[in-house]
Amino acid sequence: MSGTEPAATGGLHPLGRLALMTGVALGVLAPTLHNSTLVRAGAELGMDGRAQSMSQGLVVGASLAGLFVGGRAVDVHGTRRVLPWSLTGACAGGVVLASAAGPWQYGAGLVIESASVMGVVVGMVVAAPLVHWSGRLSRAVASAFAVLAVALVAGAALALAADRIGGWRAVEAVPPLVSAALLPTVFRLLPMTSPPARVPPPLPAYRAGTIAVVLLGALLQAAPLRDWLDAEVIALLAVALGTLTMCCLPVLPSLRGRPRRRRRPSGTGGNGRRVAGDATGAAVVAGGVWGLAMSALATVLLVLLTEGGGEQAQSLVAWAGFGAGFAAAGLYGARRALEPRPSSAIGLTLAAVSIALLPVLPHDHHTAATVIASLLAVAVGFGVVLAQIPWAARFLAGLPAEARGAAATAYPAAVVLGGAAVTGIPYDSVISQATRTETTDGLLWITVTVLALAAVVLGRSAVAIAVAAAAAAQYLLVTVLSDDTYARRPLSLAAFVVSGAIVGLAVWTRGRQTERLARALAGTTALQQAVLRPLPARAGDLELSGFYRPATADFGIGGDFYDVASTSHGTRVLIGDVRGKGLQAVRTVADVLGCFRSQAHETADLAELAARLDRHIARTAAGQGDGELFATALLLERPDGSQGLNALNCGHLPPVAIGPGRRVEEVPLPAHLPMGLGLLGTTAPRPTPVHLPRGTVLLLYTDGLSEARNASGVFYPLTERLAALPPGSLRDLVTRLGDDLGQWSHHLTDDVALVALAEAEPPGSGATDATP
């Protein structure tokens, strides 16, 4: 933190939030009004088509310059100075523009107002993360997009009513009036930053990139004047967006007080920078797509709805549908958490499909065409903004503490560049009957392609392909079974879009379920490894191998347990079964194993170790209020240098010995009371010696193995199956036994735990098989 930021720890006054969002919306309202009044202003001021195109270039160049200069000014002077300056400049430029008596005055007003408005935008963007909104930045961003939608609809309504309210001058007077209304509120209602104590030096890459981006934005306006193809204009847009990204990314590491470093592998300290860079790059792409789609839709609607003799008012009505979809997405995002990738995949593909359906409007029915175009515009607005909200929120959340203004320019500049790729098309080429069809068709399909590619890049390709394929398949199916006339009906068009969205949602839902399942499996695996640690291949003089299969696969662990500990008293092995199932049994297992891992090293006598486990389970039962909690267990001990084992059976199943010649026999052990009854200390059980000849395997198991039933209700014949298994290592033994159990009983009703152990071969003996 720079020390100049206000301690905005909580909420902001509702009027302050409205002022903040209105300041950002001013960046959408002003250019919308400029575009809608350009023809009227040009006719009154004597501007030809070339002059009108040049005025559009002035807007783009001034807007980009205003963003970068305003961002740097925020870092040097703070928002406390920059916002009043910018609002005052917007008022002055708007007055010059609205009172222009000739083209030069009109152009000067455009430059001053456009640059100042973008200074307001970058100041508001910088102020947005300081408000915090109690951690609800994403919802605040969604609400801001809803306010932007209101600005779009208001711009369309003002353009429609221009002649009634005093002409284009009255419409152009709206931005300076809004700026004047915001001016007294910025000090009272918004979090403001003062000039920093240490001004960050300008980075050469940022300075050079600023100049390059402004020039590229101007070229986007000049390219069509030289008859460049639309594809080349889009390529120029891609270069501009890439330059913008590279221009803003170097700012990020300098804001953390670190010099730029070479790329680090994932998981190192450079990972935070990489994540911030990813969010910035994605936000730049999303912003460019927004600007392109918004401007392209306005142009396409104008041509398509006036092609059959309709009026410009119809295109403005349909354009209001884009604003309605814009608002719907903002309101939806304010109520529901949006993930960036699925939102981009569904939203951008929905927008691409909707724009692709615009050419089939019924041009001979103006009212129907207007209604259909409005509905498709709603889908486009909803889809485009659905992709913006999560990426914009991540972008704002990643803005650094210092030089925030320089980093904040990336996203709004991308929106300006995206729109510049379309507004650079000369207005006369759109109006002219000779070139309008070719121009509009090329623009429409390039827009569809850009949206589809962005859906794949920013979103999930499976969802994007599913949406597009479903809409296209239904369209082809309808045209094959009927004819093009039926496919052009309003209900058919709506069905294409809705069916694609439904299929995309289904694929997205399926993907989320798969992710949840993967996370659940990862969680159960981590739980099993934390509670039931993998047995070592060798402990002391013993070789070991374990097998575990819970009856409830959701938990990855059940009520059975095993463990081994190499202690100063020898190697100790524990296997047991807790009464009960589910999470309660898992918690008891964790308690028992924790006690064993601690007391196995502290207790010299095996009987005393069993007594301590007994008392620990009794205390656990008392704490849980479960008077019936107990655990059966089998404790083995191999003292170092000994030739045999000591065994203590606490109500558990006796082990099975597999000797030479595959001879299988049960090892007789006296059974004592289970653990948890608190009586082992009073009965003083004594361990039983067990002879373990070399070449003999001792198998410890729980009742989930011996009591498993097949479809006929027959118990698993353990001794017969063990005798039939081929020889191999201890690992082979338990794995084959587990597989054989799965073939015997396809539905286990109890957990299964196995531990196979044998005397280890002396080092250098070359023996590989532990089973006879």
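The secondary structure of the protein chain comprises 29 helices and 12 strands, taken as DSSP runs (helices H or I, at least four residues; strands E, at least two) numbered from the N terminus. The model is predicted, with local features requiring pLDDT of at least 70 and side-chain atom pairs pLDDT 80 or more, whereas totals for chains, interfaces and linings use all residues. Residues are numbered from 1 along each chain as its sequence is written, and side-chain values use heavy atoms, without hydrogens and water.

Of the 772 residues in the protein chain, 54% are buried (under 20% relative accessible area, 1.4 Å probe, protein chains only). Among contacts (heavy atoms within 4.5 Å) between residues at least 6 apart in sequence, 79% join residues at least 24 apart.

Beyond its neighbours within four places in sequence, Phe145 contacts residues including Trp290, Phe326, Val385, Ile389 and Tyr411.

The axes (lines fitted to C-alpha atoms over the stretch in contact, with angles from 0 to 180 degrees between N-to-C directions) of helix H3 (residues 79–98) and helix H8 (residues 174–182) come within 8 Å and cross at roughly 155 degrees. H3 and H8 are therefore roughly antiparallel (angles over 145 degrees). Residues in the contact include Leu87 and Cys91 of H3 and Pro176 and Leu182 of H8.

Notes: Parallel < 35°, antiparallel > 145°, perpendicular 65-115°, else oblique. Buried < 20%, exposed > 50% of the residue type's maximum accessible area, 1.4 Å probe, protein only.
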